[in-house]
Every structure is written in C-alpha cells, then in structure tokens.
Amino acid sequence: MGELISFESRRVGKIEVTESEVLTFEPLPGFPNRARFVIMEHAEASELAWLVSIEDPDLAFVVASPWSFFPSYDPPVEREHLGALGIEKREEVEVLSIVTLSGKAIFLNLAAQLVINVTTRRGNQVEGDDPRYTTRAAIPALAAQPAAGAAARTA
C-alpha cells in the first residue's frame with residue numbers, strides 16, 4: 001500500500017494519502033519549489049477537485065476536467081509533451097485545467113493544461129499557443145445561470 005503521508009491544509013482540512021497517490025510535477029510556473037501534489041475531492045459528486053501541495057499544504061488549486069464544461073475541447077498537447085512524460089497510450093493520460101475565480105465568474109485555463117501520466121504519477125503544465133484557447137474561458141454552465149434572485153423576480 002505504501003507509506004502514509006498525513007498533513008493538514010487550511011483549504012481542504014486533514015489529508016491522509018499513500019505515497020502511491022502523490023503526483024510529481026515539473027515545478028509549476030510561479031511555484032519553483034512545489035513539485036509534489038495530491039488530488040482531493042472538492043465536494044461529493046462535484047466536477048471540481050483540489051490539487052494540494054504536499055510541500056506547502058496551504059497552496060491548493062481548484063482543478064477540473066476541461067471536458068466536463070467544454071465537451072469539444074481539443075487540448076493543444078504535442079507528441080513531445082506526451083513523450084517527455086512517458087505517455088504512450090491514451091489511457092495513460094489525464095488532463096486537468098486550473099480553475100480561477102474573478103468576482104462571481106468562474107474560469108478554466110484552457111491554454112495551459114496540466115498533463116498527467118496516470119501510470120507514473122508524473123505531470124507537467126503544458127502551455128499551448130492555440131488562439132482558440134485562453135487562460136480565462138468562462139465556464140458556460142455556470143456563466144449562463146441567472147443569479148438566484150433574478151429567477152424569483154421573473155416568476
């Protein structure tokens with residue numbers, strides 16, 4: 001089963017995982033000394049999850065599968081990106097997008113996705129130059145919902 005790692009995050013609470021659940025990233029841009037992360041459930045049945053740093057448990061990103069919100073998303077990942085992570089088969093790869101908030105708007109970063117080899121547990125943030133994708137793609141399902149009070153006023 002592996003060595004048990006236990007720590008506490010201000011955002012997520014107490015975390016206990018085995019070493020085999022740890023993801024090792026090339027350091028993410030802006031976080032040079034943070035390479036080891038775990039993915040934690042955000043809320044039951046949620047499309048969102050937490051990517052929590054083991055080195056700094058208060059560093060946590062909200063992440064999501066881009067296809068949960070953009071079913072036709074075609075990530076700008078090249079063969080060399082997959083090769084650098086040792087990914088040879090489709091079932092070895094997981095792609096996640098970092099979620100950002102701005103006021104009440106929620107965005108996905110579709111221009112620089114997290115690419116993970118699920119077999120080796122190694123990952124990297126891959127920045128593409130496809131002009132179709134932005135770092136602030138509004139989540140359509142959430143952006144289209146009226147404010148709670150607006151629905152009541154129109155009824």
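Residues are numbered from 1 along each chain as its sequence is written, and side-chain values use heavy atoms, with hydrogens and water left out. Because the model is predicted, local features need pLDDT of at least 70 and side-chain atom pairs count only at pLDDT 80 or more, while totals for chains, interfaces and linings use all residues.

**The cores**

Begin by selecting Val 38, Val 52 and Leu 108, which have the most contacts inside the largest nonpolar core, a set of 22 residues. A nonpolar core here is a set of buried Ala, Val, Leu, Ile, Met, Phe, Trp, Tyr and Cys residues joined through side-chain atoms within 4.5 Å, where buried means under 20% relative accessible area, exposed over 50% and partly exposed in between (1.4 Å probe, protein chains only). Colour strands E1 (4–9), E2 (13–18), E4 (36–41), E5 (48–53) and E6 (60–64) next, as each of these elements gives two or more residues to this core, with E6 giving the most, 3 residues. Strands (E, at least two residues) and helices (H or I, at least four) are DSSP runs numbered from the N terminus.

Apart from this core lies another, of 13 residues, among them Leu 23, Phe 61, Val 63 and Ile 116.

**The largest pocket**

Now select Val 77, Leu 82, Ile 87, Arg 90 and Val 93, which are the closest to the centre of the largest pocket among the 14 residues that line it. The pocket holds about 390 Å³ of space, and helix H1 (79–84) and strand E7 (93–102) are the elements that give two or more residues to its lining. On a 1 Å grid over the protein atoms alone, a pocket is an open set of points where a 1.4 Å probe fits, with protein on both sides within 12 Å along at least five of seven lines, and lining residues have an atom within 4 Å of a point.

Finish at Gln 125, in strand E10 (residues 122–127), which is buried at a relative accessible area of 16%. A polar atom of the side chain of Gln 125 lies 3.0 Å from the backbone oxygen of Ala 112. In the loop between strand E9 (112–117) and E10, select Arg 121, which counts as partly exposed at 25% relative accessibility and has a positive phi near 65 degrees, although the residue is not glycine.

Terms used. A polar contact is a pair of N or O atoms within 3.5 Å; within protein, one must be able to donate a hydrogen and the other to accept it, and residues adjacent in sequence count only if both atoms are side-chain atoms. Grid points are joined across faces, edges and corners, and a volume is the space filled by probe spheres set on the points.
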